[in-house]
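Here are my notes on this model, as numbered points. Please read them with the coordinates open.

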Amino acid sequence: MSPITGEDTVASLRARLEQTERQTNARQRQLERYAADLREVFKQERARAQELRRSYISTVRALSNAVEARDAYTGKHAERVAAYGMELARAAGIEIEDSPQIEFGFLLHDVGKVAVPDAILFKSSSLTEEEYSLVRRHPVIGTEILRDVDFLGEGKLVVRHHHERWDGRGYPDGLAGEAIPLAARVFAVADALDALTTDRPYRPASSFAAAREVVCKESGRQFDPAVVAAYRQIPDSTFEALRDAL
Ligand SMILES: [Fe+2]
């Protein structure tokens, strides 16, 4: 047996080092493959989530259009109100990206009107007390219709509370102030804005400038002052552009 020399030690150390390097490189390549796989999985998941969201929104739009199809003169009311509402919600500080269900609620707010007979909904003379109380049930009926649709989330609160008033004189629950869900308080302003700026059988449409005066006068009465303050920051041209884009 030959004696161990310094050269042997260096050679064996070098061999071990090379082996360690090979193993490290192999491990690194494996980790890189895992990382690439993970990136691919995330990409696919994101695409699936986006597709699911698109399916949700088109389903909600289809339902909202079916409800609106009955009512010729308010054509596209739900789409406009949803667009105005989203603009106002952003200005009022609601993180829309975190609450996509709010838009669903805006689109479906009047779904409960399917239970109101045409003879009442389109009556040109004034409603009797009994007829009016039936119309006033549409937020509750709408909430009932959507009760088991989980993906609508807080959108259902908009459906139930879109006729509440800041001063508590609204319906169906007579909630007041911040007891009314914020999205419903935002919606109330958007709804009034669209009602005022579209033709009705009994009066022509107002300009956005004239509608602004009416809305601002109702701050603290019909509407949340904070939402009206957010509305004041948005120029009329923004709403006009949203309306004309539909
Ligand atoms: Fe309504």
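Which residue's backbone nitrogen lies 3.1 Å from a polar atom of the side chain of Glu68?

1. That backbone nitrogen belongs to His77. The model is predicted, so treat every distance here as computed from it.

2. Glu68 sits in helix H1, which covers residues 6-68. Glu68 is buried but has no salt bridge. Its nearest side chain of opposite charge is Arg80, 6.8 Å away.

3. Now the metal site. The iron ion has four protein donors: Asp110 through OD, and His138, His162 and His163 through NE2. They lie 2.1 to 2.3 Å from the iron ion. In sequence, the donor residues follow the spacing D-x27-H-x23-H-H.

4. Why is the arrangement around the iron ion irregular? The four donor atoms subtend angles of 83 to 173°, and this range makes it so. For reference, the ideal angle for four tetrahedral donors is 109.5 degrees.

5. His162 is buried, because its relative accessible area is 3%, under the 20% cut-off. His163 has 23% relative accessibility and therefore counts as partly exposed.

6. Last, the packing. The largest nonpolar core has 39 residues. Leu88, Phe106, Tyr231 and Phe239 touch the most other members. Helices supplying at least two residues each include H1, H2 (77-91), H3 (101-108) and H10 (225-232). H8 gives the largest share of this core, nine residues.

Notes. Residues numbered from 1 in each chain as written. Predicted model: local features only at pLDDT ≥ 70, side-chain atom pairs only at ≥ 80, totals over all residues. Heavy atoms only, no water. Donors = N, O, S within 2.8 Å, 3.2 Å for Na, K, Ca; no water. Tetrahedral: all angles 85-135°; square planar, octahedral: opposite > 155°, others 65-115°. Buried < 20%, exposed > 50% of the residue type's maximum accessible area, 1.4 Å probe, protein only. Helix = DSSP H or I, 4+ residues; strand = E, 2+ residues; numbered from the N terminus. Lys, Arg positive; Asp, Glu negative; His and termini not counted. Salt bridge = Lys/Arg side-chain N within 4 Å of Asp/Glu carboxyl O. Polar contact = N/O pair within 3.5 Å; in protein donor to acceptor, adjacent residues only side chain to side chain. Core = buried A, V, L, I, M, F, W, Y, C linked by side-chain atoms within 4.5 Å.
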